[in-house]
Structure formats: structure tokens, C-alpha cells
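Have the sequence and the model open as you read.

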Amino acid sequence: MKKYMLEEGFRWYGPKDEVSLEFIRQAGAESVFTSLHDIPYGEVWSVEAILAHKKIVEDAGLKWSAVESVPVSEDIKTRTGDYVRHIENYKQTIRNLAECGIKIIIYNFMPVLDWIRTDLHYKLADGSTCLRFDPAQFAAFEIYLLKRQGAEKDYTPEQLQRAKAFFDALDTDGVKKFERSIIDVFPGCSMDFSIDDVRNMLAKYANIDANKLREHLALFLKEVAPVAEECNSHLAIHPDDPPFDVLGLPRIASRLEDFQKIVSAYDSPANSVCFCTGSLSAGAHNNIPEMLEALKDRVFVAHLRSTQRNSDGSFFEAGHLEGSVPMCDVVKKLLQIQKQRIDNGGEKIVIRPDHGRDMADDLSKPPTRNPGYSFIGRMKGLAELRGLETGILSK
């Protein structure tokens with residue numbers, strides 16, 4: 001049975017992570033998804049820096065299976081500024097990682113902001129907390145803080161009414177915390193962006209629509225994917241989170257048609273998809289099992305979590321076996337894909353439990369620097385996923 005089980009990973013943000021490698025190993029994970037968060041976007045990851053980070057992981061009895069992530073700079077996304085040098089540096093980083101034996105590289109192409117939530121500590125009926133996105137609250141951010149011109153047109157009258165009521169109820173400290181919760185949640189680091197920084201970045205997209213951004217992604221892939229192919233590596237694009245346009249900007253990795261265009265931009269297993277069920281499930285337009293079947297030849301790494309969508313357009317992070325994702329169907333399909341690969345001499349699919357709830361003792365600890373990545377909720381998720389796998393394989 002073990003031969004056909006998915007490789008279990010866990011996100012680790014490096015030596016400053018409140019969740020230690022010792023804890024991760026105790027949870028039963030075999031490997032980590034990690035990154036060199038101290039290296040600025042667009043710069044080369046040296047072999048020396050990669051090996052030093054890898055040694056920390058291996059000394060703890062784990063392995064570094066997936067890079068999460070090598071960020072794509074805004075210059076590359078907009079093809080402005082220093083984008084040519086950044087692309088060359090990205091190629092060298094792929095080569096250096098491969099030299100160190102690390103060949104799964106996750107990235108995203110979301111403009112300006114990474115994943116977006118409006119509440120990082122949404123309280124559930126059982127007392128645990130989780131991440132939540134509310135379009136009315138995001139409207140409040142856009143209209144009253146960012147002051148994006150024309151933002152009102154993207155929301156319904158009801159959402160606009162709720163946005164005003166929400167914002168009017170915030171005191172000065174609440175406004176500050178709300179602003180930071182949206183513009184300062186980049187994985188593993190703080191960009192220390194201001195509202196003006198976000199406005200300036202938005203301005204660079206004034207003439208970039210979905211087709212143009214998709215063209216920029218294709219041009220990027222035509223440069224870097226051949227290098228990944230030479231190194232027998234997989235570049236895995238992460239879905240947009242949430243999987244719909246925000247900030248008046250296009251998001252181009254949100255539905256099956258998007259990924260079909262992406263993988264066809266450079267036809268090779270080196271150009272692959274990080275199959276994140278949670279990100280995809282926040283869009284009612286996505287049928288997760290059908291997407292996995294359609295993209296199965298390009299899935300070598302996956303994030304497993306779920307969201308609960310609500311009728312008002314909001315969603316929150318559900319339990320790993322709850323919410324909008326038919327997780328049993330997803331895991332069954334992943335196991336089928338993997339068995340076929342292993343029987344043909346291929347590699348395992350690496351998975352990790354994604355965003356977990358803050359629960360039990362984690363609730364009494366200071367807020368994590370990495371919202372959604374406290375220990376106990378993710379350990380619970382990994383145990384549930386492992387049990388689901390075991391049940392499927394034992395039949």
C-alpha cells in the first residue's frame with residue numbers, strides 16, 4: 001500500500017517559522033514545501049544558499065521536495081523595468097535548484113497581490129478560526145482605502161451597502177489592521193507595502209487586459225520552460241486565489257480553459273500545474289474532479305484543502321474533508337494517476353494539506369506571521385487526508 005500512497009509534504013517557511021521541522025516530522029510528513037524567502041524577487045538563488053537551506057531540512061530527517069515558490073516579479077508580469085534580467089535569473093535559479101536535486105518549482109502569475117482574504121481570523125461555531133473572503137468587505141477596501149476609480153461598478157448595490165456599513169463600524173485601529181490584512185500577506189515575508197505602493201503597481205496594468213497578461217505568461221514560459229525541461233524539472237503554476245478578477249485586474253489561472261491555454265503555451269511536462277483544490281473551489285464555475293481529469297498529465301504536485309462558498313459571494317476555509325470540494329473523488333483520482341505513473345517508472349505526486357484552522361492550543365498563541373499556517377489545523381488535515389488515502393487503497 002505504501003508504494004502507491006501520495007508523498008506527504010508540509011509547508012515550512014524557514015528557520016523563523018513558528019512551526020518547527022521537528023513538529024512537521026511528528027505530524028508524519030515526509031517532505032517540505034519551502035522557499036528562500038529572504039532573497040528578493042527577481043534575484044538568483046545561488047547553489048550555496050539552496051544547499052544551506054536543504055541541509056537544515058535534511059538534518060531534521062525530512063526532504064525538500066517542492067519549492068514554494070520561486071516568485072515571478074511584477075516586472076516580468078508587466079514586461080517592464082528589469083524583466084529581461086529577471087527572466088535570465090529565473091532560468092539560472094531553475095538550473096541551480098536542479099543541481100541540488102530539487103525539481104518541482106511552484107509559482108503564480110497573480111498581478112499585484114498574492115492570495116486575498118478579508119478576514120484572517122473568522123470565528124466559527126466551534127470556536128476555531130479560519131481565513132475568509134467577503135466581497136462586500138473587499139469592496140470597502142477598494143472604495144474607501146484604495147479609492148480605485150470605478151471600483152463601485154464591480155459590486156452589487158447590496159454589496160456596496162454592506163461595504164459602507166462594515167467600514168463605518170471600524171475604528172482607527174480596525175482600519176489599519178484591515179488594510180494590512182489585505183496588502184501584507186505575501187507568503188513567508190512582509191513587503192511592507194503602502195496603499196500608494198498598491199496604486200502605483202495597479203497603474204502599470206492600465207493597458208494590460210486578460211489577453212495581454214496571458215501573452216506575457218506565454219512569453220515567460222517560452223523562455224523558462226525549456227530550461228526546466230533540460231533539467232527534468234516541473235514548473236507548476238498555482239491557481240489564482242480567489243479564482244476570479246479582483247482590483248479591476250484580470251486573473252488568468254482561474255478555470256479549466258485558462259490552464260488548457262497555459263499548458264499549450266509550451267507543450268511539455270515541464271510546464272505543469274500545482275493543483276490547489278482550495279483555490280479552485282472558491283469559484284462555483286470549477287468542477288474540481290473534471291479539472292483534475294483534464295489536467296492529469298500535468299499534475300505532479302497538489303495542495304489539498306476546501307472552501308465553503310456562501311450565497312452572498314463570500315467563502316471561508318472549510319475542513320479538509322468538508323466544504324465545496326469532493327475530496328474523496330479528488331484523492332481517488334490522484335491515487336489512480338499516481339499508480340499508473342509508478343507502474344510505468346514515474347514519480348510520486350507530492351501533496352500537502354493547505355490552510356488549516358486555528359484551533360485548540362494554537363488559539364492561545366500570538367497570531368502567526370503566516371495566516372492559515374498554524375500547526376494543529378494542518379496536522380489534523382494531514383491526518384484526515386492520510387486516513388482517506390488508506391481507506392481508498394485498502395478497498
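Predicted model: local features only at pLDDT ≥ 70, side-chain atom pairs only at ≥ 80, totals over all residues.

Residues are numbered from 1 along each chain as its sequence is written, and side-chain values use heavy atoms, with hydrogens and water left out.

**Salt bridges**

- The count comes to 35 salt bridges, each being a side-chain nitrogen of Lys or Arg within 4 Å of a carboxyl oxygen of Asp or Glu.
- Side chains of opposite charge can pair when their charged atoms come close.
- Lys-91 pairs with Glu-88 in a salt bridge, with the closest N and O atoms 3.0 Å apart.
- Both sit in helix H4 (residues 83-99), three residues apart, so about one helical turn separates them. Helices (H or I, at least four residues) and strands (E, at least two) are DSSP runs, numbered from the N terminus.
- Lys-91 is buried at 11% relative accessibility, while Glu-88 is partly exposed at 40%. Buried means under 20% relative accessible area, exposed over 50%, and partly exposed in between (1.4 Å probe, protein chains only).
- Asp-154 forms a salt bridge with Arg-148, and their closest N and O atoms are 2.6 Å apart. Asp-154 is partly exposed at 48%; Arg-148 is buried at 16%.

**A link across the sequence**

- Arg-305 forms a salt bridge with Asp-241, the closest N and O atoms being 3.1 Å apart.
- Arg-305 lies in the loop between strands S9 (299-304) and S10 (306-309), and Asp-241 in the loop between strand S7 (234-237) and helix H10 (256-265), so the pair ties together parts 64 residues apart in sequence.
- Arg-305 is buried, at 1% relative accessible area, and Asp-241 is buried at 3%.
- A network of salt bridges links Arg-11, Glu-68, Arg-117, Asp-241, Arg-305, Glu-317, Arg-352 and Asp-354.

**Helix H13**

- H13 (residues 327-343) has 17 residues and should span 24 Å at 1.5 Å a residue; its end C-alpha atoms are 24 Å apart, which agrees. The expected span is 1.5 Å times one less than the number of residues.
- Its buried residues include Met-327, Val-331, Leu-335 and Ile-342.
- Seen down the axis of H13, the buried residues fall within an arc of 165°, so they line one face of the helix. The arc is that of the directions from the helix axis to the C-beta atoms.
- Gly-345 follows H13 and has a positive phi, near 85°.
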